[in-house]
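Reader: I am new to this structure. Can you walk me through some of its features, one question at a time?

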Amino acid sequence: MNGKIIKSLILSFIAIILPASCSLMKRGPVRTDNGKDFDGTLERLIHQCTVPGPAKRYMYVYLPESYYTSDRAYPTVYLLHGANGNETSWIRKGRILESIDSLSAKGEIDECIYVFPNTNHYYNDYDYGHSREKKSIDAFLGLNGNVEYAFITDVVAYIDRNFRTIPQKEHRAICGLSLGGLQALYISANFHDMFEYVGLFSPLIHPPFKIGGYNSFYRGLESKLDRQFTSEPAVYTIMAGKEDIYYNSAYLYSRYLDNLGHPHSFQATPGGHDWTNWKRYSVMFLKYLWRD
């Protein structure tokens with residue numbers, strides 16, 4: 001019996017005997033549509049929430065192939081979905097695991113831990129509904145800053161506690177698409193000492209509303225960016241297709257950063273607001289990380 005089968009059987013047995021309160025939900029190899037194993041290990045986890053909304057949320061974590069055969073610590077990449085998405089979007093629609101394995105096999109990226117949280121704004125456990133996707137308009141109307149406010153304590157701190165990460169700014173990256181781009185923008189600006197690499201893909205720049213108890217998360221952006229760029233991020237990149245509905249706002253945000261004197265890159269590509277571009281952007285962004 002080969003090592004992968006033995007490992008899978010052992011982990012399955014552990015999952016059965018663990019108490020229901022344990023955060024581990026699923027561990028082991030996953031497969032592509034054609035039955036090919038991925039190189040790393042995908043784990044589905046539950047974490048506690050510290051802001052109004054559901055008590056717990058799901059997230060996926062993709063661990064490098066060497067994780068369970070070494071004692072190394074790894075950099076961490078956080079990938080945020082858009083409206084009408086959830087923690088599965090980058091995996092199912094963006095085919096990100098295939099991209100990671102391909103880039104790793106070619107030696108074009110370093111080994112990292114990849115985290116796919118659910119960053120939708122839900123009102124309660126019933127609304128959460130087993131991590132349901134939200135309709136785009138519902139996602140926009142519910143945006144109030146609470147999920148982003150708690151991102152560091154609910155997601156990043158959880159990952160640092162439970163996995164062998166390198167818990168320093170220089171070893172963390174965050175990126176997001178569309179509404180997730182807005183979240184990556186404001187999370188990295190509010191927590192300016194947490195992320196060295198920032199990727200905004202077809203980003204919504206301005207939240208439609210600034211109301212509720214967490215509205216300060218969206219306010220005072222200029223002063224927050226000044227703090228963030230005091231020690232310049234290694235990479236701060238904005239990418240958008242020329243036919244994208246958010247192209248103009250992304251371009252104007254780039255000009256805004258220019259006027260503030262904040263170094264960054266803006267890349268305009270063909271195409272629109274779709275997974276064809278977001279797959280391309282994710283590959284480009286991952287290839288920037290931790291490379292001289």
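Reader: Which residue with a positive phi follows H11?

Author: This is a predicted model. Most residues other than glycine have a negative phi. After H11 comes a residue with a positive phi, near 55 degrees. That residue is Trp 290.

Reader: How far apart are the end C-alpha atoms of helix H11?

Author: Helix H11 covers residues 275-288, which is 14 residues. At 1.5 Å a residue, the helix should span 20 Å. The model agrees, because the end C-alpha atoms are apart by 20 Å.

Reader: Within what arc do the buried residues of H11 fall, seen down its axis?

Author: The buried residues of H11 are Trp 275, Asn 277, Trp 278, Tyr 281, Ser 282, Phe 285 and Leu 286. They line one face of the helix, because seen down the axis of H11 they fall within an arc of 160 degrees.

Reader: At the start of H11, which residue has a side-chain oxygen that reaches the backbone nitrogen of Thr 276?

Author: Look at the start of H11. A side-chain oxygen there comes to within 3.2 Å of the backbone nitrogen of Thr 276. The oxygen belongs to Asp 274.

Reader: Is Ser 178 buried or exposed?

Author: Ser 178 sits in the loop between strand E6 (172-177) and helix H8 (179-190). Its phi is positive, near 55 degrees, though Ser 178 is a residue other than glycine. Buried means under 20% relative accessible area. Ser 178 has 7% relative accessibility, so it counts as buried.

Reader: And His 130: is it buried or exposed?

Author: His 130 is in the loop between helix H4 (125-128) and helix H5 (136-141). It is not a glycine, yet its phi is positive, about 60 degrees. The cut-off for exposed is over 50%. At 72% relative accessibility, His 130 counts as exposed.

Reader: What is the relative accessible area of Ile 211?

Author: Ile 211 lies in the loop between strand E7 (197-201) and helix H9 (221-228). With Ile 137, Leu 141 and Phe 209, Ile 211 makes a nonpolar surface patch of about 400 Å². Ile 211 is exposed, with a relative accessible area of 54%.

Reader: How many residues does helix H7 have?

Author: Helix H7 runs over residues 151-162. Its buried residues include Phe 151, Val 155 and Ile 159. From first C-alpha to last, H7 reaches 16 Å, close to the 16 Å expected at 1.5 Å a residue. The number of residues in H7 is 12.

Technical notes. Residues are numbered from 1 along each chain as its sequence is written. This is a predicted model: local features need pLDDT of at least 70, side-chain atom pairs count only at pLDDT 80 or more; totals for chains, interfaces and linings use all residues. Side-chain values use heavy atoms; hydrogens and water are left out. Helices (H or I, at least four residues) and strands (E, at least two) are DSSP runs, numbered from the N terminus. The expected span of a helix is 1.5 Å times one less than its number of residues. Buried means under 20% relative accessible area, exposed over 50%, partly exposed in between (1.4 Å probe, protein chains only). The arc is that of the directions from the helix axis to the C-beta atoms. A polar contact is a pair of N or O atoms within 3.5 Å; within protein, one must be able to donate a hydrogen and the other to accept it, and residues adjacent in sequence count only if both atoms are side-chain atoms. Patches are made of residues with over 30% relative accessible area and no salt bridge: like charges are joined within 9 Å, nonpolar side chains (Val, Leu, Ile, Met, Phe, Trp, Tyr) within 5 Å. Accessible areas come from the Shrake-Rupley method with a 1.4 Å probe; for residues, only the protein chains shown count as cover. A salt bridge is a side-chain nitrogen of Lys or Arg within 4 Å of a carboxyl oxygen of Asp or Glu.
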